[in-house]
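I had this model open today and kept a few notes. They follow the order in which I looked things up.

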Amino acid sequence: MLTLAFDTATDVATSALVDDGEVLGERVSRAQTLLEDVDALLRQGGAHPSEIDALAVGIGPGSFTGVRIGLAAARGLAVALDVRGAGVSTLDALAAGAPGAVPVVDARRREVFALVGGEARVLAPAELPVAVGAVCVGSGAVRYRELLEENGAVVPPDDDERHLPRARFHAQLAGELGPVDAIEPLYLRLPDAKVSA
């Protein structure tokens, strides 16, 4: 099954074309260039858009705008290609790329999104329960490196690929396929615009 996977929930967008578990191509860029990346992946993989069997899209948590861009692109592609898809948590994809690590995404407003006891939560970085020696990955781990390391966590170097929610893991984690327009975003709080209103 040929799966097109992508995640635009963080500052760095990732996309991948995966055929029955084999990664045919993968790109790292920005949400604004997602469709260009999809075109490049198809060319790189020698595939035609009509050959795509499924979509795997990141549902957040992350940037509200980024999550909406990803879901809108998935819905448009699903209609154009007549395919089904599955939503995958950005935190779960980060965790899949760094087994045993704590996925931490920068949530802005001096907060992070993280998996705590297997549950997606939003909290202040200082409130993140990390065991001494625990590895933390993701944009939140990079941003709050000093604080996390003071609390005993280990944060890989900024350029370590484990900090990216690689789309190949979205394809791997995609569950049962369904209508793409039924995929819901994973929002853990109100958007910034509603908070300041």
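**Aromatic pair**

Y187 comes out partly exposed, at a relative accessible area of 35%; buried means under 20% relative accessible area, exposed over 50%, partly exposed in between (1.4 Å probe, protein chains only). This is a predicted model, so I kept in mind that local features need pLDDT of at least 70 and side-chain atom pairs count only at pLDDT 80 or more, while totals for chains, interfaces and linings use all residues. Residues are numbered from 1 along each chain as its sequence is written, and side-chain values use heavy atoms, with hydrogens and water left out.

I searched the whole structure for aromatic pairs and got one. For the record, rings of Phe, Tyr and Trp (its six-membered ring) pair if their centres lie within 6.5 Å; planes under 30 degrees apart count as stacked, over 60 as edge-to-face and the rest as tilted. The partners are F64 and Y187, with ring centres 4.8 Å apart and planes at 45 degrees, so I logged the pair as tilted. F64 sits in helix α2 and Y187 in the loop between α6 (167–173) and α7 (192–196), 123 residues apart. Elements here are DSSP runs numbered from the N terminus: helices are H or I with at least four residues, strands E with at least two. F64 is buried, at a relative accessible area of 11%.

**The open sheet**

Next I traced a mixed open sheet of four strands, in the order β8-β7-β6-β9. Two strands pair if DSSP finds at least two bridges between them. β8 (119–123) and β9 (136–137) are the edge strands, each pairing on one side only.

- β6 (residues 102–106) and β9 run parallel, joined by two bridges; I found P103 opposite V137 there.
- β6 and β7 are antiparallel over three bridges, with V104 opposite A114.
- β7 and β8 are antiparallel too, over five bridges, with V112 opposite L123.

How many of the residues of β7 are buried? Five of the five, so I noted β7 as largely enclosed by the rest of the structure. V112, A114 and V116 point one way from the strand, F113 and L115 the other.

Helix α3 (residues 90–97) lies across β6, β7 (112–116), β8 and β9, at about 135 degrees to β6. Axes are lines fitted to C-alpha atoms, for helices over the stretch in contact, with angles from 0 to 180 degrees between N-to-C directions; contact means heavy atoms within 4.5 Å.

**Cores**

A nonpolar core is a set of buried Ala, Val, Leu, Ile, Met, Phe, Trp, Tyr and Cys residues joined through side-chain atoms within 4.5 Å. The largest has 23 residues, and L4, F6, L17 and L55 touch the most other members. α2 gives the largest share, six residues. A second, separate core of 15 residues includes A114, L123, Y144 and V155. I also listed what L55 touches beyond four places in sequence, including L4, L77, V83 and L177.

The peptide bond from G60 to P61 is cis, omega near 5 degrees, and P61 lies in the loop between β4 and α2. D20 is not a glycine, yet has a positive phi of about 45 degrees; I place D20 in the loop between β2 (13–19) and β3 (22–29), exposed at 62% relative accessibility. R109, in the loop between β6 and β7, also has a positive phi, near 50 degrees.
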